[in-house]
Structures are given as structure tokens and as C-alpha cells.
Amino acid sequence: MGKVITLFKLLPKLHQMLLCGLVFVTLIIIFMPSDDVQASKQTPSTSGEYDVNTRYDVPLAFRKPTPPSASMSESTPSQRTSSEKLAFNTSEQSKKQALVQATDKPEIQEPAAPKLKEKRFQVKSGDTLAALFDRAGLTAKDVYDVTQLPKAKKDLLKIMPGDNLVIAKNDDGKLVQLRYHLDKITTLIIDRTDSGYKEQIVTKKVEARSKFASATIENNFWNAGVNAGLTPNQIMQLATIFGWDIDFALDLRKGDQFAMIFEEEYANGEFLKNGNILAAEFTNQGDRYTAVRYKDGNYYSEEGRSMRKAFLRSPVDFKYVSSSFNPRRLHPVTGQVKAHRGVDYVAAVGTPIKAAGNGRVIKSSYNQYNGNYVFIKHNDTYTTKYLHLTKRKVKTGQSVKQGQIIGTLGSTGRVTGPHLHYEFIVNGVHRNPRTIKLPKSEPIAKKEKAQFATLSKTMMAELEHNKQVQIAAQ
Ligand SMILES: [Zn+2]
């Protein structure tokens, strides 16, 4: 640099001035911002924008991914496609997405799609379609036009609080698309076309998957069911299937086991709900019971005998009865145990009591010993008696169906606490309803026998296989 200055000083004055001018012009050209440089100012990622020795706050976007945006999702095209398809079906996500995915061809490129604003509106209590459209910035004419469509008329005019409507508008604020989820799998879609609004129902394909669950009962059936991953509804279903064979209120013991195969329904990989129990096995105090669901919707034992029998083992649902196995709970009326001719179920006052079988009420009355009581004659052989009820719900002479509520549990009459006293009488003799051998149930129809046998064999093998797999995994 020093040499350059010395050389410069040796030059004549005129040359010095010319050289200075040239350097000046060159510098101006170099530093005059070109279009490119200006453009790069909008994108701070260009390193040339930053001065050395100056501290810059790096925008968060550099360190952390921002919420989904067009540019980000483009970097992962496959993911985007799948999320769009999902968004097409779930209202939750659809509000975040542009309308592209709502068309029938999710492959349409974003730039080509019209610019639409879509928003989700929730139906409020007292809302009408007109009120909601008004909130959405739509007109009474829009309400009229849309409800000219038959399905829209049927479904949109009875919207319920909590329902959601997704409304998409174009730049002019005109309604372009409306989506309304009728249920988890069905959506009503209304689109604006050149020839007016068109409507269609889009239904997701429901896929059934079978699932296995099993448990060994430690202290009560309910907990075992919950631990096996069953819902309360499934636990009750299982108890209902075996409710003619097992008294779930009083007869379960530690070590009892169950295993079952049931259906789960999915749509686009999304869990919808549990389906039916397809096959089940219950081992109670060493006795093994099996059930297979047939296409008629009924359950049969693996040999093809109906699970339905003339009598329920228990007139009280187990969920109301003290669930512990403590045997003292079975006999709450101390002093009566010796002369006891029935079974006592201890549960809360008001617990519903069911008729054990079809029959006719031969007595519905009150006395000081029995309190409110109901006697049912089922046929010439069988009679059942229900004592100490709070309320009777049937009258003398009335016909009753199996499972029908005949009254509620109470503590009327001579008792020390609320319970149901239940008697089972066979040819005038008191018998234990929990152990008595009852007539065999109906076999499956002859013409169904072969088909059922094949199904039963398959289901029982699958149940057994799953049990073995589970044992091996332990
Ligand atoms: Zn009793």
C-alpha cells in the first residue's frame, strides 16, 4: 500500500486528478446497489447484509421450525400429501390448511388453486343456519341458495350446538365451499360451480381390525377388565354374554380368567369406536364357558348352543353389587343364614332388579316380613321371588320379559340393611339359583350348523393362539 502512495506522488498533478476521478467512479459503480442486492435485502439470510462486529438477533425461525406454512411443507412433499388427505377428513386440521385439499384432487399444485379463506364456525346454542351464516359474513340469499339442495336442506336446517361448519370464501367474500361433518365418517360438502351449488356426501371407508384382550381376575372383574384395556361398555358386554351361565355379582373368584377377540373400527387409520365382541372365553371356578358371535348377531357356545337361556344367573347387574370376594358380604342378615333359603345381593338402595326369566307376576305386594315383594311364575316348574324392594314396578297378573326391571333394591320388611333376597323354586323346592343345572339352551338352526362350526373353529383357534402368544411374551 505504501509503494502505491509513493508512486502516486511521483505522477504529474493532472494524472493524479484523473486517477482520483477514475477511482471515485469505480467506487460508485461498485457500491451502487443493483436490483439483485436490493432483492436480497428482503431475505436476511444473505450473509452480505450483515456488518462485521455488529451483533444481530437471529430470528427464531432460523433455530426453530415455524408453524406449518406452504414453504415448509413443500420441503417434505410426501408428508404434505398425507397431511392434506387427513385434513380433508378431519375438521380439526382443515381450518389450518388451504382449500386445496378439500377438492377431490388433493394433488393440485397450490399456486394453481384459487386463493380461498376458510374458517370453522361452531354452532352456538339457539343458532340457526341464518345466524351462523350471518356470523360468517354470508347473506340470506346464501342461506336460501344452499338450502335448495335436498341434503343440505335436511341436514343444515337441524344443526345442533357444538356442530362445526367449515366455510370457504373467495377473495370477493363469496361462499365457495361448505363442509359439515354429519358424523365421524360422513361429511356433507357443498361446492360452488358454474351452474350453482352442488352437494355431495363423502364417506370415509371404515375398516374393522380385530383385537385380543385377556386377564386373570385378582380381586374383581371390573378392575381386571380395565387393566386389560377394556372400556366399561365392553366389560358389561362380556358380562351380558355370559350372564346366563355365571353370576357375575357373587360367583367370581380370584384366578378366574377371560380372553376375548373384539373388533375396532378405523377410518383412514383413525380410531372410531369399538365394535362387537367376536369370540370370548370365561373360566369361572374351573368351569370354562365359550361364546362366538354369529352373523345373526347372537352368541352361541363353541358347540353351537345359544348363550341365551331361560334364566339369568343373577337378577342384579354385578356392577351394582359389592365387588369384593369377602364371603361375609354374601350374608348380611346374620341369624338368617342357617334358615336361609335364598341368595342375598348387597347393593345400594335403588339398584334395579331384573326378572330372571320370562313369566307372569303372581304376586306384587307388601307385608311386614318381606317388605315390598314380587313373585314370578315362569312355568309349571319354576318360580322366582324378590324381597325387600324399595319400589315395585310390576303388578300382580302382569307378564314380564327376562331382564325387565321389576323393582328396585331396598330394605323394607324385616332386615338389618339394604339387600335383595332372591329365591329360586323348582317344583316347590328352594334351590340355589347359582348352581342349579338348568335345561339346555336351544342349539343353532340346523341349516346354520356347518357354517357356524367353521367360524367357531377359526375363532377359537385364534383365541387360543393369542393366549399362547401372550403367555410366551410374559
Ligand atoms: Zn335373604
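The questions and answers below concern a predicted model of one protein chain.

User: How many helices and strands does the protein chain have?
Analyst: This is a predicted model. Its protein chain holds 474 residues. The secondary structure comes to 13 helices and 20 strands.

User: What share of the residues in the protein chain counts as buried?
Analyst: Buried means under 20% relative accessible area. Applied to the 474 residues of the protein chain, that cut-off gives a buried share of 37%.

User: What part of the contacts with a separation of 6 or more comes from residues 24 or more positions apart?
Analyst: Take the contacts in the protein chain with a separation of 6 or more. Within that set, residues 24 or more positions apart account for 61%.

User: In what order do the strands of the five-stranded open sheet stand?
Analyst: The pairing in this sheet is antiparallel. Strand 6 (206-216) and strand 10 are the edge strands, each pairing on one side only. Read across the sheet, the order is 6-7-8-9-10.

User: How many bridges join strand 7 to strand 8?
Analyst: Strand 7 covers residues 257-267 and strand 8 covers residues 270-284. The two run antiparallel. Phe262 stands opposite Ile277 in strand 8. The number of bridges is ten.

User: Which residue takes a positive phi in the hairpin of strand 7 and strand 8?
Analyst: This hairpin has two residues between the strands. A positive phi near 50° is found there. The residue is Asn268.

User: Which residue in the turn between strand 8 and strand 9 has a positive phi?
Analyst: Strand 8 and strand 9 pair in the antiparallel sense over six bridges. They form a hairpin with two residues between them. The positive phi is about 50°, and it belongs to Gln285.

User: Which residue in strand 9 does Glu281 stand opposite?
Analyst: Strand 8 and strand 9 are antiparallel partners. Elsewhere along this pair, Asn284 stands opposite Asp287. For Glu281, the residue opposite is Thr290.

User: Which residues of helix 12 are buried, and what covers them?
Analyst: Helix 12 spans residues 232-241. Its buried residues are Gln234, Ile235, Met236, Leu238, Ala239 and Ile241. Their cover includes helix 11 (221-227), strand 7, strand 8, strand 9 and strand 10 (299-300).

User: How many charged residues are in the lining of the largest pocket?
Analyst: Lying nearest the centre of the largest pocket are Asp245, Tyr289, Lys309, Arg313 and Lys437. By class, the lining has seven nonpolar and eight polar residues. The charged residues number 13.

User: Is Glu448 buried or exposed?
Analyst: Glu448 sits in the loop between strand 20 (429-431) and helix 13 (449-473). Its relative accessibility is 18%. The cut-off for buried is under 20%. Glu448 therefore counts as buried.

User: What is the length of the polar contact that joins the side chains of Glu448 and Tyr294?
Analyst: Leaving aside residues up to four places away in sequence, Glu448 touches Tyr294 and Lys295. With Tyr294, a polar contact joins the two side chains. Its length is 2.6 Å.

User: Which strands stand at the edges of the three-stranded open sheet?
Analyst: The order of this sheet is 12-18-16, with antiparallel pairing. Each edge strand has a single partner strand, so one side of each is left without a neighbour in the sheet. The edge strands are strand 12 (352-354) and strand 16 (391-392).

User: Which residues of strand 18 stand opposite Pro352 and Arg392?
Analyst: Strand 12 and strand 18 (residues 405-408) pair over three bridges. Strand 16 and strand 18 are joined by two bridges. Pro352 stands opposite Thr408, and Arg392 stands opposite Gly407.

User: How far apart in space are Ile189 and Ile201, C-alpha to C-alpha?
Analyst: Ile189 is placed in strand 4 (residues 186-193). Ile189 is buried, with a relative accessible area of 2%. In sequence, Ile189 and Ile201 are twelve residues apart. In space, C-alpha to C-alpha, the value is 6.2 Å.

Definitions and conventions. Residues are numbered from 1 along each chain as its sequence is written. This is a predicted model: local features need pLDDT of at least 70, side-chain atom pairs count only at pLDDT 80 or more; totals for chains, interfaces and linings use all residues. Side-chain values use heavy atoms; hydrogens and water are left out. Helices (H or I, at least four residues) and strands (E, at least two) are DSSP runs, numbered from the N terminus. Buried means under 20% relative accessible area, exposed over 50%, partly exposed in between (1.4 Å probe, protein chains only). A polar contact is a pair of N or O atoms within 3.5 Å; within protein, one must be able to donate a hydrogen and the other to accept it, and residues adjacent in sequence count only if both atoms are side-chain atoms. Contact means heavy atoms within 4.5 Å. On a 1 Å grid over the protein atoms alone, a cavity is a set of points where a 1.4 Å probe fits but cannot get out, and a pocket is an open set with protein on both sides within 12 Å along at least five of seven lines; lining residues have an atom within 4 Å of a point. Ala, Val, Leu, Ile, Met, Phe, Trp, Tyr, Cys and Pro count as nonpolar, Asp, Glu, Lys and Arg as charged, and the others, Gly among them, as polar. Two strands pair if DSSP finds at least two bridges between them.
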